[in-house]
Amino acid sequence: MSLGPYASFIVTSYAAAAIVVALLIGWVVLDYRNQTRRLRELDRSGITRRSGRSAVDTP
Amino acid sequence: MTLIDLANPSRFLALSARVLPWLAAATVILLTIGLYQSATAPDDYQQGATVKIMFIHVPNAWLSMFVWGVMSVASLGTLVWRHPLADVAAKSAAPIGAAFTFLALLTGSLWGRPMWGTYWEWDARLTSVLILFLMYLGLMALWRAVEDPSRAARAAAVLTLVGAINLPIIKFSVDWWNTLHQPASVMRMGGSTLDKSFLIPLLVMAVAFTLLFVTLHLAAMRNEILRRRVRSLQMMQASQKAA
């Protein structure tokens, strides 16, 4: 596959898309870990939801 | 299963946990197929190999508007129907929409330099998309500035609906004004002007990026529900300590 004289523009476009998508996935995964960790800490300190269910009871 | 059933955050969490792995798998498969088709697509007789940039630029440009459309519907859900997950949906979509808009601007600029001889031109299409990007950033700043989620939700919903005026301006800017940006070539009266060798990879990539958005959006909505659960439990903890 030859990308011709403008290969750097094409490669930069695809690399930028890959980086931004990776950042979005990383943001979602790290945020999920952060929230579940905080819920576990609250559960350990004896705080439960009004329904009586554990703070970490997350499907 | 109706929207009312999904109004329960716990039920939404359970359903989304079942759907997410399938959505993620479908996204990966379609992105792989789309990237293969993009790599093997022939060069355009005018653009040469730079036509490959279109396979990521166009889906991101479509999604930049689609995500704002989703946020607008969610904003109606907040203001009119007071659906409990509407503002969760709107808030979670904003960073993803901002990322897609950024990519549309960046890849468009990288295509413009070799094809138009400039990275940027203040024409109606480019400027209206830049305004859309700034509106995404403004909305995210508003969500962060107001601590109470329900107050932030109403303000953000009004701003989102006002900002939706920009969507038809972006779409029809190439028809209403004399722009450097080319007119619509896929979604137009009379059908697409693209050859199948370009149209098929473009549509596959568009569906793949749309699935990527749905997957990320559902995951981000789950995170937002958990964040609000953490907030309410922390407030409960604080009131217990104060008592």
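**Close-up views of chain B and the chain A interface**

**View 1. The side of chain B that touches chain A.** In this predicted model, 33 residues of chain B make contact with 28 residues of chain A. Four elements of chain B each supply two or more residues to this side: helix H1 (9-40), helix H2 (51-81), helix H3 (86-116) and helix H7 (196-242). The most come from H7(B), which gives 13 residues. Sorted by class, the side of chain B that touches chain A has 23 nonpolar residues, five polar residues and five charged residues.

**View 2. The largest nonpolar core.** This core has 67 residues, of which Val67(B) and Ile96(B) touch the most other members. Chain A takes part through its helix H1 (7-44), which gives two or more residues to the core. On the chain B side, the elements that give two or more are H2, H3, helix H4 (124-145), helix H5 (149-163) and H7. H7(B) provides the largest share of the core, 17 residues.

**View 3. Surroundings of Val67(B).** Leaving out residues up to four places away in sequence, Val67(B) touches Ala93(B), Ile96(B), Gly97(B), Phe100(B) and Phe213(B). Among these, Ile96(B) is named together with Val67(B) as touching the most other members of the largest nonpolar core.

**View 4. Helix H2 of chain B, with its kink and its end.** H2(B) is made up of 31 residues and reaches 44 Å from its first C-alpha to its last, close to the 45 Å expected at 1.5 Å a residue. At His57(B), shortly before the proline Pro59(B), the helix has a kink of about 25°. H2(B) is mostly covered, with 22 of its 31 residues buried. Arg82(B) follows H2(B) and has a positive phi, near 50°.

**View 5. Chain B as the setting for the other views.** Chain B contains seven helices and zero strands; from the N terminus on, its elements run α-α-α-α-α-α-α. The C-alpha trace of chain B spans about 75 × 35 × 30 Å along its principal axes. Chain B has 243 residues, and 38% of them count as buried. Among the contacts in chain B with a separation of 6 or more, 78% are accounted for by residues 24 or more positions apart.

Definitions and conventions. Residues numbered from 1 in each chain as written. Chains lettered and ligands numbered in written order. Predicted model: local features only at pLDDT ≥ 70, side-chain atom pairs only at ≥ 80, totals over all residues. Contact = placed C-beta atoms within 7 Å. Nonpolar A, V, L, I, M, F, W, Y, C, P; charged D, E, K, R; others polar. Core = buried A, V, L, I, M, F, W, Y, C linked by C-beta atoms within 7 Å. Buried ≥ 20, exposed ≤ 12 C-beta atoms within 10 Å, placed from the backbone. Expected span 1.5 Å × (residues − 1). Bend = angle between axes of the 7 residues up to and from the residue.
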